[in-house]
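Here is a quick walk through one protein model, from the overall picture down to a few ring contacts. Have the viewer open as you read.

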Amino acid sequence: MERARVGWPPALRELSDLLYEVYVEADTPSLDTIVETIAMNVDNNMPGSPQRDTVRRCIINPALLSQADVVSVAMALAQQARWDKQDLAARVRDLWTAARMATGVGRPLAEFDERLAVTDLGVHHALDTATARDRLAVLPPHVPRECDTRLDTVIAAAEAGQSGIAVLVGTSSTGKTRALWEATRKLPDGWRLWHPLAPTRPDAVLAGLADVAPRTVVWLNETQHYLETDPLGEQVAAGLRELLRDPARGPVLVLATLWPEHWDTLTTRTTPDRHIQAQELLYGHRINVPDAFTPAELAVLKGTDGGDPRLVEAAERAQDAQVTQYLAGVPVLMDRYRSARGITLALIHAAMDARRLGAGPHIPLAWLHAAAPGYLNDTESNATSDDWLPEALGYVTQECRGIPGILNPVKTTTTRNQRPAPTTTGPAAGRPVQGPQYQLADYLDQYGRHDRADTIPPIDFWTSAATHAHPTDQAALGDAAHNRGLYRDAAQLHKNATTHGNPQAAAALVNHLHALHPTDHRPTQWAATHTPLDDPHAAAMLLDSLRKSEADKQATILVTRLPATGNFTAFIEIDDHRERFRFGREPEGDAAAPWTWEDLA
């Protein structure tokens, strides 16, 4: 019998594999034989009495069948395969129950409303208006645009059973996330929405990907946080590709947003090419979201029923027809940014620099606090009190007209409805950041990347980054420092990143310090001793760097560590190891003596 492919839930897939395995072990008995075996044992703890068609369905696809029938078929097959019937019955019951109770990651889409779209999904707050605050909805009416029409095509295909992905690409505050939200609301009852966030976004995707049920929206707002991270980003992209092209898992819908510069980073081929999987995932699915409304769209906006005063104000006052930016409070944010002075402006610039140079969205306040004084000139520094932080923080976090502030506090408690990721010692590992964290307003984040592109932050920024920045960010910050000629700061940041599990940072540390001090092998000794080796590709990169640095002794130390960390496959590729270790190795490190089948007990 040709069995059906089971995509979800994992417990049902495991149950199907188990039943088919015992069916094969029983020498593929006929349906009649299985039915007769059950009939002869009906009083011997076999709870069901399935007939031919039910038996067939149990073997090829046990979904939606009664537990009694599935257990009876399993016990009959176990008897013929000489397996332990009671043990198999217990395993089948457990898997059947787990499969029946599975709901999949995320939440029912019907539970989301406009308020959750703002707080949980990343839709921007809308500009407040004092004249009608009490009677307004959370969001103003949506005005469909060309990008919405293209997005509707993807939504309709998903409704019809076809998995798909849509990537909305546009600058900050152009309405990308709002357009996704409006499109998602058109899906019928029964769909779920999953926004993976914790403990990190890539970790959350990898932990929950196997439990994505059919009719699930995978919500990847600000997709760069999922796909640009090394090496997890490529694992995320590969997993999403597998999910989308597996018909047994569908339909599923991946909805994503990117700024144009992040699209370019992920889709431009380089040497070496760091984002091959991301390119394959994203190509052909870009939907551009323009900065401005067309004259026709403005006309629709002005004629919107209900006369929402926010839309009226935006239509009248938005410069260059940039309506969504006005509604998201961009003019208010920019006014407050340009009005900031002294240490308050320094605090904002430290946050801008942190984001553009490699920090994640959640910036430790301790870093900003320690970095900001370095941005001041002597006159500003002398005019700044020692207890400046509360006042500056009050300014940058103040809401205005319903729009969140320039910097906004981040909840550091566990995110609701997220599955835990497995513990890792790789690049995503590291101690959690202690103390408050803040997120820079989206538009100012993008503005700073352009306006401050030619600015090198002061010493205090880099030294405090080495002390307070998140361990997962320190490799990228080290790269940024090195690219700007700040070799000492780069070395410190790369050393920190190596300590917390990033072998790519170790390779960078070795390469950079060898160029500065070719005869000093202390950095190579340190890297060979401290680098985690759970990523074979990264370990190979480090080994190559050690050899290019003529650090043969240190390379030997690294090679010796490979088998103990579970990388024996990488170990035997080195020098003549493949021939010497044909029969494996002994625990103490010697090559194993030849052995055959007869030597096994």
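## The big picture

The protein has 31 helices and nine strands. Keep in mind that this is a predicted model. Mean pLDDT comes to 86, with 85% of the residues at 70 or more. One stretch to treat separately is residues 421-430, where pLDDT stays under 50; the model still gives that stretch 26 contacts beyond four places in sequence.

Out of 601 residues, 50% count as buried. Among contacts with a separation of 6 or more, 73% are between residues 24 or more positions apart.

## A covered strand

Now have a look at strand β5, residues 252-258: seven of its seven residues are buried. Val252, Val254, Ala256 and Leu258 point one way, while Leu253, Leu255 and Thr257 point the other way, and all are buried.

Strand β5 pairs with β2 (residues 164-169) through six bridges, and the two run parallel. Within that pairing, Ile165 has Val254 as its bridge partner. Strand β4 (residues 216-220) also runs parallel to β5, joined by five bridges. Here Trp219 stands opposite Leu255.

## Rings that pair up

The count of aromatic pairs comes to four. Take Tyr20 and Tyr23: their ring centres are 5.6 Å apart and their planes are at 50 degrees, so this pair is tilted. Both sit in helix α1 (residues 10-25), three residues apart, or about one turn of the helix. Tyr23 is buried, its relative accessible area being 4%.

Tyr337 and Tyr447 make an edge-to-face pair, with 5.8 Å centre to centre and 75 degrees between the planes. This one links distant parts of the chain: Tyr337 belongs to helix α17 (residues 330-339) and Tyr447 to helix α22 (residues 442-451), 110 residues apart. Are the two partners buried or partly exposed? Tyr337 is buried, because its relative accessible area of 8% is under 20%. Tyr447, at 22%, is partly exposed.

Ring pairs also link Trp367, Phe461 and Trp462 into a cluster.

## Charges over rings

Two arginines are worth a look here. The charged end of Arg107 sits over the ring of Phe112, 5.0 Å from the ring centre. For Arg336, the charged end sits over the ring of Tyr395, and the distance to the ring centre is 4.1 Å.

Notes: Residues numbered from 1 in each chain as written. Predicted model: local features only at pLDDT ≥ 70, side-chain atom pairs only at ≥ 80, totals over all residues. Heavy atoms only, no water. pLDDT = per-residue confidence, 0-100. Contact = heavy atoms within 4.5 Å. Buried < 20%, exposed > 50% of the residue type's maximum accessible area, 1.4 Å probe, protein only. Helix = DSSP H or I, 4+ residues; strand = E, 2+ residues; numbered from the N terminus. Pairing = 2+ DSSP bridges. Phe/Tyr/Trp six-rings, centres within 6.5 Å; stacked < 30°, edge-to-face > 60°. Lys NZ or Arg CZ within 6 Å of the ring centre and 35° of its normal.
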